[in-house]
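Keep the sequence and the coordinates side by side.

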Amino acid sequence: MTGTPDHKNADTGREHTSRSVSPYKAGLTCTCPNCGEGALFTNILEVKDRCDVCGFDLSAADPGDGAQVFVILVMGALCAIIGVILYGPVGLPPAVVAGVLFAMVVFGSLWMLRVFKALLIALQFHHDAREGRQEDIAHEKKEGDDT
Ligand SMILES: [Zn+2]
């Protein structure tokens, strides 16, 4: 059973959805966080509105700028380390080092952006994360009155 609402979370009052797909597996394979089979992206980085396999609504997916920050930090560190190694101990000419780093930045960043964006979306759906709504505040107040 995947993606069917089964009960409300006692803490948040939100409808909890059980998922059998690991968010990490769905993120690394860039697949639907609900079924783990349908493709998540329509092109390189654009998220589909709905899964082609299970029909899961992906329109609420909002990874924000989180993926870009991770990619900048990880690729920046990797490129600095590899650039120093290629120029120093390996002894490649500066133009070759620049070419290798350029290819690494372009292709590595695109691949990492897809993976990190898919991972953040999968984690968002796995934890039912979303913007706070008026009902959430009302639920918190009601719960506070009970104790
Ligand atoms: Zn799906």
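What percentage of the 147 residues of the chain count as buried? The figure is 14%, with buried meaning 20 or more other C-beta atoms within 10 Å of a residue's own, those atoms being placed from the backbone. This is a predicted model: local features need pLDDT of at least 70, side-chain atom pairs count only at pLDDT 80 or more, and totals for chains, interfaces and linings use all residues. Residues are numbered from 1 along each chain as its sequence is written.

The chain has four helices and two strands. Helices are DSSP runs of H or I with at least four residues, strands runs of E with at least two, numbered from the N terminus. From that end, the order is β-β-α-α-α-α.

The axes of α2 (residues 66-87) and α3 (residues 94-126) come within 9 Å and cross at roughly 155 degrees. Axes are lines fitted to C-alpha atoms over the stretch in contact, with angles from 0 to 180 degrees between N-to-C directions. Angles over 145 degrees count as roughly antiparallel, so α2 and α3 are roughly antiparallel to each other.

Next, the core. The largest nonpolar core has 13 residues, and Ala26, Ala118, Ile121 and Ala122 touch the most other members. Such a core is a set of buried Ala, Val, Leu, Ile, Met, Phe, Trp, Tyr and Cys residues joined through C-beta atoms within 7 Å. Its largest share, six residues, comes from α3.

Beyond its neighbours within four places in sequence, Ile121 is in contact (C-beta atoms, placed from the backbone, within 7 Å) with Pro33, Leu40, Val47, Ala61 and Pro63.

Note on methods: Parallel < 35°, antiparallel > 145°, perpendicular 65-115°, else oblique. Buried ≥ 20, exposed ≤ 12 C-beta atoms within 10 Å, placed from the backbone. Contact = placed C-beta atoms within 7 Å.
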